[in-house]
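I opened a new page for this one and jotted things down as I looked them up.

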Amino acid sequence: MSKKLLLVDVDCGVDDAQALMLALAAPHVEILGITCCHGNTTLENVCKNVLRVLQTCDRLQIPVYGGASRAILGDSINASHYHGVDGLGDVHDPTSPSLDLLQKEHAVLAMLRIINEYPGQVSLVATGPLTNLALALNMDPIFPQKIKNLFIMGGNMESRGNTTVCGEFNFACDPEAAYIVLNGFDCPTHIATWEFTCRHELPWTFYREWLSQNTKKAEFMKKITAHSEQYAEICSDNSNEIWTKGFVSCDSYAMAAAIDDNFVTNVIHCVVGVELSGTMTRGMMVLDTLGKLQRKQKAFVMTKCDTEKLKYLLMKALQ
């Protein structure tokens, strides 16, 4: 069986690391490159974190590219409260790889080059703000037509925010980029929204079993998740925080969909948009189920999935 070819764009925090390790452990997957973007932490930290993940998995031969360091408009936000200031739980690592291992080519140029080298064969997985993708589209308007599939973790489908009142973090980080991508990408687009991931949380008993594996990868994961686990415990007292009811590795849902065609079991197929000007709704993803936007390009918004498959993939990721 031919391998699934992936290009992965990340803002490497804890759940990006989990998603990367999930893909790295899949024998039928080949990651052609990892592009880095601002988001959970600074671009420099994101690049460092990706290299740390690759070192842990003995896969430093995979090329890593630095990309956009801020949103298209305005200053960037971060998620240090959850991921730690450095994005991976603020765990000191004296063996962290040097940034000298980064490729000199800019992430956006690398995206365009790699997709041109494998036209129609590469699935692009985006687990952070969509800045790099929007810039790639602006540089090459037919870039999306050369992509096999686009998988996004981001946005929302019930007007529920986790960063602003109605904005999910990745889209709130760069609403203009999300708008450009969802309006301009005409390849098959699959979206794992914030609410979707929360409503398919895994039991905390699984989380503890997952981290208890006696491997180098599990020890690494245990260290970098300690900060976010503690934050989840504090937030669990708030009954409105649906994501604390279980273990939610948000980015892993988009990655699982990209590498396992049977992971997603139900979708809403409709036009989607992004609100840019609302006082309380800037960055909110909108599902046009009535066809009011009169656009041809529709997205597959995930609504149900096989969580047993996700458990299996996560367990394999740390073995």
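**Strands first.** I started at β7 (residues 264–274) and β9 (residues 299–305), which pair in the antiparallel sense over six bridges. Strands here are DSSP runs of E with at least two residues, helices are runs of H or I with at least four, and both are numbered from the N terminus. Two strands count as paired if DSSP finds at least two bridges between them. I picked out Val-264, whose bridge partner in β9 is Cys-305. β7 also pairs with β8, again in the antiparallel sense, over four bridges. There, Val-272 has Leu-287 of β8 as its bridge partner.

**A note on the source.** I am looking at a predicted model, where local features need pLDDT of at least 70 and side-chain atom pairs count only at pLDDT 80 or more, while totals for chains, interfaces and linings use all residues. Residues are numbered from 1 along each chain as its sequence is written, and side-chain values use heavy atoms, with hydrogens and water left out.

**The whole sheet.** Next I asked myself: what is the order of the strands in the open sheet? I read off nine strands, β3-β2-β1-β4-β5-β6-β9-β7-β8, with mixed pairing. β3 (64–66) and β8 (285–288) stand at the edges with a single partner strand each, so one side of each has no neighbour in the sheet. From one strand to the next, the twist averages 30°; angles run from 0 to 180 degrees between N-to-C directions, and axes are lines fitted to C-alpha atoms, for helices over the stretch in contact.

I then checked β1 (residues 4–10) and β2 (residues 29–36), which pair in the parallel sense over seven bridges. Val-10 has Cys-36 of β2 as its bridge partner.

**Helices on the sheet.** α2 lies across β1, β2 and β3, and runs at about 155° to β2. Helix α4 (residues 107–117) packs on the sheet too, touching β1, β2, β3 and β4 (122–126), and its direction makes about 135° with that of β3. Contact means heavy atoms within 4.5 Å.

**Aromatic rings.** My search of the whole structure gave eight aromatic pairs. Rings of Phe, Tyr and Trp (its six-membered ring) pair if their centres lie within 6.5 Å; planes under 30 degrees apart are stacked, over 60 edge-to-face, and the rest tilted. I looked up Trp-204 and Phe-247, a tilted pair at 6.4 Å centre to centre with 45° between the planes.

**Cavities.** A cavity is a set of points on a 1 Å grid over the protein atoms alone where a 1.4 Å probe fits but cannot get out; a pocket is an open set with protein on both sides within 12 Å along at least five of seven lines, and lining residues have an atom within 4 Å of a point. Grid points are joined across faces, edges and corners, and a volume is the space filled by probe spheres set on the points. How many cavities of 30 Å³ or more are there? I count two.

The largest cavity holds about 110 Å³ of space. I found 15 residues lining this cavity, with Tyr-82, Trp-204, Ser-228, Phe-247 and Val-248 nearest its centre. α1 (14–24), α9 (204–211) and α10 each give two or more residues to the lining, and α10 has the largest share, four residues. By class, the lining of the largest cavity has eight nonpolar, five polar and two charged residues. Ala, Val, Leu, Ile, Met, Phe, Trp, Tyr, Cys and Pro count as nonpolar, Asp, Glu, Lys and Arg as charged, and the others, Gly among them, as polar.

The second largest cavity has a volume of about 50 Å³. Val-272 turned up again here, among the lining residues along with Phe-185 and Arg-295.

Last, I looked at the second largest pocket, with a volume of about 230 Å³. Its lining has 13 residues, and Thr-56, Asp-93, Thr-95, Phe-220 and Lys-223 lie nearest its centre. α2 (43–56) and α10 (216–235) are the elements that give two or more residues to the lining of this pocket. The largest share, five residues, comes from α10.
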